[in-house]
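Thanks, everyone, for making the time this morning. Please have the sequence and the model open while I talk, and stop me wherever something needs a second look.

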Amino acid sequence: MVKKMPPLVPAHDTIVDLLVIGSGTGMSAALAAHELGLSVVIAEKTAYVGGSTARSGGAFWIPGSSILPEPHEPGVAEAATYLGAVVGDSAPAERGTAFLDHGADTVAMLQRTTPMRFFWAEGYSDYHPEKPGGRAAGRTC
């Protein structure tokens, strides 16, 4: 028998500009929409903020962001080489390009819209630093 959780808030009808399903990385989409003046609701199926964001401890790998010290960030071109070596053809190339093109702007938006403070996790290497474009010093924040 599957146990159902009681609703945490009473259900009611509402109209919003954007409905975000999941409270992990979907929160970034909600913040961006809110910053643009849209009304947003985040729907989460559990009592916990979650997804892979919670499991990762909030760490992220976004090359080109202002958090990374210049001597250790050779740029987005090297990161593109690394993504290509690690991901290969298992995902559309356009997805990786969009990630790299907009990553720094995403970090800047999170800095503007939240009280979170980010730092470079120096020495937390890329998962595969031996791959082309990989960094032993890492790019995780």
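The side chains of Asp126 and Arg139 are joined by a polar contact of 2.5 Å, where a polar contact is a pair of N or O atoms within 3.5 Å, and within protein one of them must be able to donate a hydrogen and the other to accept it, with residues adjacent in sequence counting only if both atoms are side-chain atoms. Before I build on that, please keep in mind that this is a predicted model, in which local features need pLDDT of at least 70 and side-chain atom pairs count only at pLDDT 80 or more, while totals for chains, interfaces and linings use all residues. Residues are numbered from 1 along each chain as its sequence is written, and side-chain values use heavy atoms, with hydrogens and water left out.

Is Asp126 buried or exposed? Asp126 counts as buried because its relative accessible area is 1%, and the cut-offs are under 20% for buried, over 50% for exposed, and partly exposed in between, with a 1.4 Å probe and protein chains only. Arg139 is likewise buried, at a relative accessible area of 0%. Asp126 lies in the segment after helix H4, which runs 93-113, and Arg139 also has its place in the segment after H4; helices here are DSSP runs of H or I with at least four residues, and strands are runs of E with at least two, numbered from the N terminus.

Each of these two side chains has a further polar partner. For Asp126, the side chain makes a polar contact with the side chain of Trp61 at 2.8 Å, whereas the side chain of Arg139 reaches the backbone oxygen of Gly133 at 2.7 Å. If we take contact to mean heavy atoms within 4.5 Å and do not count residues up to four places away in sequence, Asp126 touches Trp61, Tyr82, Gly133, Gly134, Arg135, Gly138 and Arg139. Ser90, by comparison, is 36 residues from Asp126 in sequence and 19 Å from Asp126 in space, C-alpha to C-alpha.

Phe60 sits in the loop between helix H2 (52-55) and helix H3 (76-87), and counts as buried because its relative accessibility is 15%.

Which residues make up the largest nonpolar core? There are 7 of them, namely Phe60, Ile62, Ile67, Leu68, Val107, Trp120 and Cys141, a core being a set of buried Ala, Val, Leu, Ile, Met, Phe, Trp, Tyr and Cys residues joined through side-chain atoms within 4.5 Å. Apart from this core lies another, of 5 residues, among them Ala79, Tyr82, Leu83 and Leu100. In soluble globular proteins, nonpolar side chains tend to be buried together.

Let me turn to Phe99, in helix H4, which counts as partly exposed because its relative accessibility is 32%. Beyond four places in sequence, Phe99 is in contact with Trp61, Ile62, Pro63 and Leu83, while the C-alpha atoms of Phe99 and Leu68, 31 residues apart along the chain, are separated by 16 Å.

Finally, the protein as a whole. The secondary structure comes to 4 helices and 2 strands, in the order β-α-β-α-α-α from the N terminus on, and the C-alpha trace spans about 50 × 40 × 30 Å along its principal axes. Of the 141 residues, 23% count as buried, and among contacts with a separation of 6 or more, 52% come from residues 24 or more positions apart.
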